[in-house]
Amino acid sequence: MVVTEYELKPQNFPRFPLDWSEIFGRKAKIVVEIGFGNGEFLAELARRHPEKDFVGFEVSITSFVKAQKKFKRYNLKNVRLVKVDARFGLRELFPDNSVEKVYINFPCPWPKKRHEDRRITSYDFLQTLSAVLEMDGTVEFATDEEWYAREVLDTFESSEYFVVDVFEENFKRDVETRYERKWKSQGKKTFLIVARKVKNGTVKRLMEGENTMAHSVFEGNVTWEKLKELEGKVFKDKNKIFVVKKVYRDGDYLLKVISTDEGGFQQVYYLNLSGRDGKWVLKLDEGSDPYRTPALKWSLRRIPEELTAQGSP
Ligand SMILES: C[S@@+](CC[C@H](N)C(=O)[O-])C[C@H]1O[C@@H](n2cnc3c(N)ncnc32)[C@H](O)[C@@H]1O
């Protein structure tokens, strides 16, 4: 059984940030779980609180598939899932003061120094939380790593936007997560932090307004050789970067592109180039559904410029 009805996809968003009451068909408190894994915690919360709506973020496709089957089995109507880095998703998809609670259960701690910017609990993320949480809204953070718990505690305590209501060792809640059970069964310590928002923060969003998709129409003599020369080329502009990783030919042309937006949000997508008699259209391939970020839109404008520049590429 493949269940997909719980997933929200970028191409279906009419505008950013999202109107969640339109998505759920009612106005209710919104609770978010980041990195829901196999989904059992999220499913149990949603089952116990039919009066609230729940949004889960997860980057693993395998977890996504498993979790959706669970929600379907319980016939839950109050859950939606988004397959994207939660640091990006929480900032772009939620308006200010719209979320009652955010759960972060046993996130990967990324202990190495060179990986610390992958941690979900960066300064930028706190800034997002300070904007999207309601006043008195809470973040509930659980981990099995003491150094990580103390680092997060310190981050919240030194923030003017939050006060820490709970810091508890070997905590117990009504619902357990899979990793919580795993660490507890191995005799590991666990830590819980509950931080409450006490001041409104602001956050700069990449995408606000209509979710429009630009395409480029241009004229010129585009050859396979010119296209092949794009491969591996890196394009940089202030806060945006993209690289054309590979070019394929199958009737039309297909370009595999990796872009990075301000703040490090990275996506892989395919652009389709088709044309005849020197007239070309470059657009997002139907098979890929990335977020229409500034870097992506820029790649759609910049590639035609490169292909049609005098004496280039
Ligand atoms: C160690 S598992 C914990 C799963 C679950 N919360 C639990 O406690 O059983 C961490 C999960 O977070 C997901 N994850 C990691 N970074 C993420 C991010 N930036 N946004 C969304 N999910 C993320 C991973 O794919 C993984 O499923």
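**Reading the terms**

Analyst: Let's begin with Asp136, which is called partly exposed because its relative accessible area is 47%, and partly exposed means lying between buried (under 20%) and exposed (over 50%), with a 1.4 Å probe and protein chains only. Before we go on: this is a predicted model, where local features need pLDDT of at least 70 and side-chain atom pairs count only at pLDDT 80 or more, while totals for chains, interfaces and linings use all residues. Residues are numbered from 1 along each chain as its sequence is written, and side-chain values use heavy atoms, with hydrogens and water left out.

User: What makes the phi of Asp136 worth a mention?

Analyst: Phi of Asp136 is near 70°, a positive value in a residue other than glycine. Most residues other than glycine have a negative phi. Asp136 sits in strand S6 (residues 133–143); strands are DSSP runs of E with at least two residues, helices are runs of H or I with at least four, and both are numbered from the N terminus.

User: Why is Asn75 called partly exposed?

Analyst: Its relative accessible area is 48%, so Asn75 counts as partly exposed. Asn75 is in the loop between H3 and S4, and its phi, near 55°, is also positive.

User: How do you know that Asn97 and Lys197 make a polar contact?

Analyst: Their side chains come to 3.2 Å. A polar contact is a pair of N or O atoms within 3.5 Å; within protein, one must be able to donate a hydrogen and the other to accept it, and residues adjacent in sequence count only if both atoms are side-chain atoms. The pair of Asn97 and Lys197 therefore passes the distance limit. Asn97 lies in the loop between helix H4 (86–93) and S5, and is partly exposed at 37% relative accessible area.

User: Which residues of helix H2 are buried?

Analyst: In H2 (residues 40–48), they are Phe41, Leu42, Ala43, Glu44, Leu45 and Ala46. These pack against several elements, including strand S2 (30–34) and helix H3 (61–73); contact here means heavy atoms within 4.5 Å.

User: What is the peptide bond from Phe16 to Pro17 called, cis or trans?

Analyst: That bond is cis, with omega near -15°. Most peptide bonds are trans. Pro17 itself lies in the loop between strand S1 (15–16) and helix H1 (20–24).
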